[in-house]
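Q: Could you show me how to read strand pairing and burial in a model such as this?

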Amino acid sequence: MDAPVQDTLITDATGLREICDRLRANGVAAVDTEFERVRTYHAQLALLQLGLDESHCWLIDPLEISDWTPLAELLADAGTVKLLHSCEEDIELLARITDCEPCSVFDTQVAAAFAGVGFSLGYSRLVSTVLDVQLEKGEQRSDWMQRPLSTAQLHYARADVAFLPALYEHLGNLLAARGFGDWCQAECDEVVRRRLRETPLFEAGRFRHARQLTRRQLAAVQLIGEWRERTAIERDLPRNWVMRDDDLLAIVTSNPASVAELRQVQGLQRASRERNSEKILALLREVEQVPDAECPELQDLPPTAQTRKLVQQLMGVVRARAKELDLPPELLAPRRRVQALVNAGYPDGPWELPASLRG
């Protein structure tokens with residue numbers, strides 16, 4: 001190691017700039033994050049780990065840094081390969097704090113699947129399988145927002161990037177030998193795009209109680225759900241701290257017309273009722289003005305018995321093709337996506353492959 005772990009902790013923008021420039025000059029950067037999202041809507045970056053190889057790793061304290069321009073330039077540099085493991089949450093967090101979309105991302109979990117090492121392997125298991133190194137897991141769920149961070153936490157965080165370059169080299173050789181290098185990179189690019197793709201603020205059809213409700217009640221769920229999401233984002237609070245799903249269900253099924261009636265709603269938390277009563281009632285009045293034709297309508301799911309056989313047939317095709325390619329079937333087409341594809345066009349189509357099943 002080139003320095004004691006405490007000496008690799010960077011707390012200023014100048015140090016961050018020097019490290020990012022060094023990584024870009026070498027064309028490779030191992031990246032990981034530690035974050036906390038228990039009390040907030042957005043994940044809060046607690047620690048950023050960057051590495052060049054096992055002997056050169058740095059820990060960046062984000063609580064001391066406000067200018068993330070050097071990191072943005074690193075992430076957006078197509079000539080520098082960013083090495084991450086199971087990258088989706090890290091990518092979402094990094095894209096938000098830097099306001100840029102990372103490119104040239106190499107996800108070692110994706111690569112391991114294409115390389116024939118294993119599907120959906122955790123980092124510790126992959127390091128053990130490929131490099132025969134056993135990593136400590138004791139600090140995985142510790143408090144990363146505390147300061148000062150313990151020596152054990154710093155060692156744990158450092159290890160999360162220390163072995164990514166060696167994994168990259170080993171997995172890269174396996175991918176080249178199997179002829180899946182381009183496929184792996186295309187999948188990594190799609191993982192990033194899929195995670196950062198804009199999605200609706202709230203969809204009533206995804207509400208877990210949606211199938212219990214009428215179209216008019218779904219319209220109420222949509223309006224109140226959108227308000228809840230905006231409020232959670234603006235106040236940076238978990239959405240359930242603004243209003244629980246059970247509260248939302250109780251409100252739309254009771255449809256109270258006054259504060260007095262709202263107070264009688266069974267199951268509604270008092271804090272949610274008292275804090276948001278006027279807004280809730282205003283939204284319910286707004287729902288009354290929505291024309292019937294504009295109320296959300298759930299697509300009826302086809303009968304399970306009639307689709308099960310088709311899904312089984314399609315999964316048979318997937319398994320046969322996966323065997324030919326010596327790849328995990330889940331990597332080619334997870335069952336849930338095949339089921340969704342069948343449901344979308346049953347019984348006579350047309351069917352359109354989603355982005356996750358193209359490329």
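A: Two strands are said to pair if DSSP finds at least two bridges between them. In this predicted model, Val28 has Val81 in E5 as its bridge partner, and E2 and E5 pair in the parallel sense over three bridges.

Q: In which sense do E2 and strand E3 pair, and over how many bridges?
A: Strand E3, residues 44–53, pairs with E2 in the antiparallel sense, over seven bridges, and within E3 it is Leu47 that stands opposite Glu34.

Q: In what order do the strands of the sheet lie?
A: The sheet is open and consists of six strands in the order E1-E4-E3-E2-E5-E6, with mixed pairing. Its edge strands are E1 (9–10) and E6 (105–107), each of which pairs on one side only. Between E3 and E4 (residues 56–60) the pairing is antiparallel and runs over five bridges, with Trp58 in E4 as the bridge partner of Leu50.

Q: Why is strand E2 described as largely enclosed?
A: A residue is called buried when its relative accessible area is under 20%. Strand E2 spans residues 28–36, and because eight of its nine residues are buried, the strand is largely enclosed by the rest of the structure.

Q: Is Asp77 buried or exposed, and where is it found?
A: Asp77 counts as buried because its relative accessibility is 18%, and it is found in the loop between helix H2 (69–76) and strand E5 (81–84). Leaving aside residues up to four places away in sequence, Asp77 touches Arg24, Lys82, Cys103 and Ser104.

Conventions: Residues numbered from 1 in each chain as written. Predicted model: local features only at pLDDT ≥ 70, side-chain atom pairs only at ≥ 80, totals over all residues. Heavy atoms only, no water. Helix = DSSP H or I, 4+ residues; strand = E, 2+ residues; numbered from the N terminus. Buried < 20%, exposed > 50% of the residue type's maximum accessible area, 1.4 Å probe, protein only. Contact = heavy atoms within 4.5 Å.
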